[in-house]
Amino acid sequence: MDTVVVTRTSDLRDRLDATRRQGAVPDRTVGFVPTMGAFHEGHRSLMRAARAQHDFVVVSLFVNPLQFGPAEDLDRYPRDLDGDLAVARLEGVDLVFAPPVEEMYPDGPPRTTVHVEGLGDGLCGAGRPGHFDGVATVVAKLFALAGPATAYFGRKDAQQLAVVRRLAADLCLPVEVVACPLVREEDGLALSSRNRNLAPAERTAATVLFRALRSGAELVEGGERDACRLRRVVANVATTEELVRLEYAEVVDAASLEPVQVLEPGVRGGRGGNEVLVAVAARVGGVRLIDNMTIRVDGAGVSVDLGVTVAPTTPGVRGVPEETGEAVCAAG
Ligand code: AMP
């Protein structure tokens, strides 16, 4: 079946309601992949994860002005609707929702916004005030429009993942949030739509973020459990490239985003999570990049997840991610 494109919120809601009503019991399930477009292998991995699990896959494609600050790159954010629709077709997406700004915000900026207390202030939130309120608000709107669904998010945006999980739980939205592995280029650079805006020398230098995380991973795998020393090593490596200006390197609980002192089970922030996030952000020329790794800490020890690597590509055909970390998307 061909991919259908809709631009109106009412069409999205009607089609998904009709889809869920169709067919036998249990109802047909909906897999939802929210994006800002300019698709790369990271987006495609989410579409494939949704395609593998659901009868119907919907992808939203909306560059949300609410999550960009006045001095940020809203105007320069890559847009490629035709290319994106071709990719969506290749991935067997059933429905693309690509609304204009006036459709999502018909009365201008909304008076009702969503603020997830405590999760949007640190890390990227410190340098991008209001960003996660913009994210939380648009995701709440999209979830309200989509209705019962399973939504797929990448671990690349780990703070966003924490915010979205919390807002879905706090607001009792009928959406299960599934986290999918961070996808990297062969040289380790985390895939990002913004990579298109890097000059060649910047593109090369940007791999330092992965090298920094890998140094941290090696340290942890060698037995280091002190988060402060881990943070220092990651930050030291990340500051070795002239073209890369590190904004932060932090070691936090992956759910509460509170700082972690020691990598051991059950002692972080009193919330009982078992994932520690090592997150970095940097400016490379005019482009802001983020990257991270997840350390799972339990009674059996630690395991480090740096994500997965895209296999070598043939021209015009993007590769399938090869596993270097976690095997499948983890629900939760
Ligand atoms: P964006 O279009 O950048 O807002 O991203 C849409 C979704 O794709 C989000 O859930 C991101 O976390 C996910 N995503 C972006 N880049 C990657 C990546 N390199 N690996 C995995 N997921 C990604």
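Two strands pair if DSSP finds at least two bridges between them. Helices (H or I, at least four residues) and strands (E, at least two) are DSSP runs, numbered from the N terminus. This is a predicted model, in which local features need pLDDT of at least 70, side-chain atom pairs count only at pLDDT 80 or more, and totals for chains, interfaces and linings use all residues. Residues are numbered from 1 along each chain as its sequence is written, and side-chain values use heavy atoms, with hydrogens and water left out.

**View 1. Strands E2 and E3 run parallel.** Six bridges join E2 (residues 30-35) to E3. Val 30 has Phe 56 in E3 as its bridge partner. Six of the six residues of E3 (residues 56-61) are buried (under 20% relative accessible area; exposed is over 50%, partly exposed in between; 1.4 Å probe, protein chains only). E3 is therefore largely enclosed by the rest of the structure. Phe 56, Val 58 and Ser 60 point one way from E3. Val 57, Val 59 and Leu 61 point the other way.

**View 2. The whole chain.** The secondary structure comes to ten helices and 14 strands. Of the 332 residues in the chain, 52% are buried. Contact means heavy atoms within 4.5 Å. Among the contacts in the chain with a separation of 6 or more, 70% join residues 24 or more positions apart.

**View 3. Helix H1 packs with helix H6.** Two packed helices are described by the angle between their axes and the distance between the axes. Axes are lines fitted to C-alpha atoms, for helices over the stretch in contact, and angles run from 0 to 180 degrees between N-to-C directions. H1 (residues 9-21) and H6 (residues 131-146) make an angle of about 45 degrees, with their axes 8 Å apart. H1 and H6 are therefore oblique to each other. Angles under 35 degrees count as roughly parallel, over 145 as roughly antiparallel, 65 to 115 as roughly perpendicular and the rest as oblique. From H1, Thr 9, Leu 12, Arg 13, Leu 16 and Arg 20 meet Ala 144, Leu 145 and Ala 146 of H6.

**View 4. Helix H6 also packs with helix H7.** The angle between H6 and H7 (residues 158-170) is about 50 degrees, and their axes are 10 Å apart. That makes H6 oblique to H7. Residues of H6 in this contact include Phe 132, Val 135 and Phe 143. Residues of H7 in it include Gln 159, Val 163 and Leu 167.

**View 5. Asn 195 sits in a loop.** The loop lies between strand E7 (183-184) and helix H8 (200-205). Asn 195 is buried, with a relative accessible area of 12%. Leaving aside neighbours within four places in sequence, Asn 195 is in contact with Leu 189, Ala 190 and Leu 289. Asn 195 and Pro 78 are 117 residues apart in sequence, yet 9.4 Å apart in space, C-alpha to C-alpha.

**View 6. Four strands form an open sheet.** The order is E8-E9-E10-E11, and the pairing is antiparallel. Strand E8 (244-253) and strand E11 (301-305) are the edge strands, and each pairs on one side only. The twist averages 15 degrees from one strand to the next. Ten bridges link E9 (residues 275-284) and E10 (residues 287-298). Arg 283 stands opposite Arg 288 in E10. Helix H9 (residues 208-221) packs on the sheet and touches E8, E9, E10 and E11. The direction of H9 makes about 15 degrees with that of E10.
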